[in-house]
Amino acid sequence: MSNPKSANWQKDVAHVVHPYSNLDAHDTRGPLVITRGDGCYVEDENGNRYLEGMSGLWCASLGFSEKRLVEAATKQLNTLPYYHLFNHRSHPPGIELAEALTAIAPEGLNHVLFANSGSEANDAAIKLVWYYNNLLGRPKKKKIISRLYGYHGVTVASGSLTGLVHVHRDFDLPLPQVKHTDCPSYYHFSKPGESEEQFTERLANNLEQMIIEEGPETVAAFIAEPISGSGGVIVPPKGYFERVQAILKKYDVLFIVDEVICGFGRTGQMFGSDSFGLKPDMMTVAKGLSGAYQPISGLLLTDAIHDALKAGSRKHGAFAHGLTYAAHPVAAAVALETIKIYQERKVVEHVQSVAPYFFERLNKLSVHPLVGEVRGMGLLAAVEITSDKARKTPFPPEAGIGAWIQNKAMEHGVIVRAISTCIALCPPLISERSHIDELVDGLAKALDEAQAHFGATVPA
Ligand SMILES: Cc1ncc(COP(=O)(O)O)c(C=O)c1O
């Protein structure tokens, strides 16, 4: 942690409200103040350097010192620091970004509505689903099915979609239109003796049953991340999305794919949709869109949905939705440059070349007494922590083993993230083998120390 006597520490504790932090404990534990970034590394105010094995919040895909993005922002600030897209106005970075994004997106997503964050993009998706069905004369078709342990943000609609209890409790969420179906984690939720195919079949049947019970005329959309990130890096079982997509088609339910983490090379393809053969009606992107150098997100739409929006304007006039900073020219210029870098430097191919090594190194941790499973794809992974490998028993939350491992890893100079019962890893897409070695070595040391510390409860 940072020096308690530092001015930053004092001012932070006095005034900053920290997201996803224990606000009561914060007064005494204080902040970790990060002051610099360099390649895959960040540095705190005391000069400690860390390999950022989480790319910040799954987002700094090009690391922390990409000069081309700084230049793109500076150039745009010097040319046109702000303008908007309301009332038929436009600007070159917004136009060019929309063209570049729809060119690389899965087929049929030809239109983009910009926003500033993943939560806002998902919120817009829900609003547009409702608007679309009203315009099609189906006012009852409004329910959205999301998944337990899915993560889609924290705003009122997006927080409702998120399938995590702590995002709902005492916030009066979820909204009544949102229903949650099963989490597709075979490790956590398969029954004894159930094969992966049988697990997929059970989940698909449950989804279909939910649609039938709710009434297909009331179910508007289903939302999913290709790989759930913040719910614990959950890779769907074999055949899962094929079955899900067939059911959605059968009941005329729109498919919203949340590519906020998976988009832009993370899974080893440009989009998670490409990795899993998904055909979204709507797709949300953020994070890697700008390498996180600027806040920007987008909601991509098919012609059919865009046509409904046009019908809305024939009925009501102006499309009554928009955000002051959506497609901010500086953010758009940075995102455009980010996409150019992904393409010019063949970042997707780079991920494909280092990912096998990433998993070769991680899979060696599978034999560790504390490790129940290693899972993931591309440069996105989780190491599941267990107190009993055979029974897949997690440590009780009050043991705090995840946070303990995370803190030990930091002592070894690497940032990883404890999420529910796993340790997540999401290194910058520019990582080389040497970074992967450093990251996995740091985590391995932390696991050994955890084994020594918590080992009494772990069978040998
Ligand atoms: C898959 C996914 N969707 C949406 C969000 C929300 O994005 P934001 O924090 O930018 O609102 C996140 C954030 O981690 C995410 O992982």
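**Exercise 1.** In this predicted model, which residue places a polar side-chain atom 2.6 Å from an oxygen atom of the ligand?

*Solution.* Step 1: The residue is Ser119, whose polar side-chain atom lies 2.6 Å from a ligand oxygen. Step 2: Apply the cut-off for a polar contact, a pair of N or O atoms within 3.5 Å. Step 3: Backbone atoms also take part: a backbone N or O atom of Gly118 lies 2.9 Å from an oxygen atom of the ligand, and one of Tyr151 lies 3.4 Å from a nitrogen atom of the ligand. Step 4: Taken alone, the ligand exposes 390 Å², and the protein buries 83% of that.

**Exercise 2.** State which helix gives the most residues to the shell around the ligand, and sort the shell by residue class.

*Solution.* Step 1: Helix α6, residues 118–135, gives the most, with three residues. Step 2: The shell includes Ser119, Asn122, Glu225 and Lys287. Step 3: By class, the shell holds three nonpolar, six polar and three charged residues.

**Exercise 3.** Describe the two faces of strand β12 and name its partner strands.

*Solution.* Step 1: In a regular strand, side chains alternate between the two faces of the sheet. Step 2: Leu380, Ala382 and Glu384 point one way from β12, while Ala381, Val383 and Ile385 point the other way; all are buried. Step 3: β11 (residues 371–377) pairs with β12 in the antiparallel sense over six bridges, and Val374 has Val383 as its bridge partner. Step 4: Two residues lie between β11 and β12 in their hairpin, and Gly378 in the turn has a positive phi of about 60 degrees. Step 5: β15 (residues 422–425) runs antiparallel to β12, joined by four bridges, with Cys422 opposite Glu384.

Technical notes
Residues numbered from 1 in each chain as written. Predicted model: local features only at pLDDT ≥ 70, side-chain atom pairs only at ≥ 80, totals over all residues. Heavy atoms only, no water. Near = heavy atom within 4 Å. Polar contact = N/O pair within 3.5 Å; in protein donor to acceptor, adjacent residues only side chain to side chain. Areas by Shrake-Rupley, 256 points an atom, 1.4 Å probe, with all protein chains shown as cover. Nonpolar A, V, L, I, M, F, W, Y, C, P; charged D, E, K, R; others polar. Buried < 20%, exposed > 50% of the residue type's maximum accessible area, 1.4 Å probe, protein only. Pairing = 2+ DSSP bridges.
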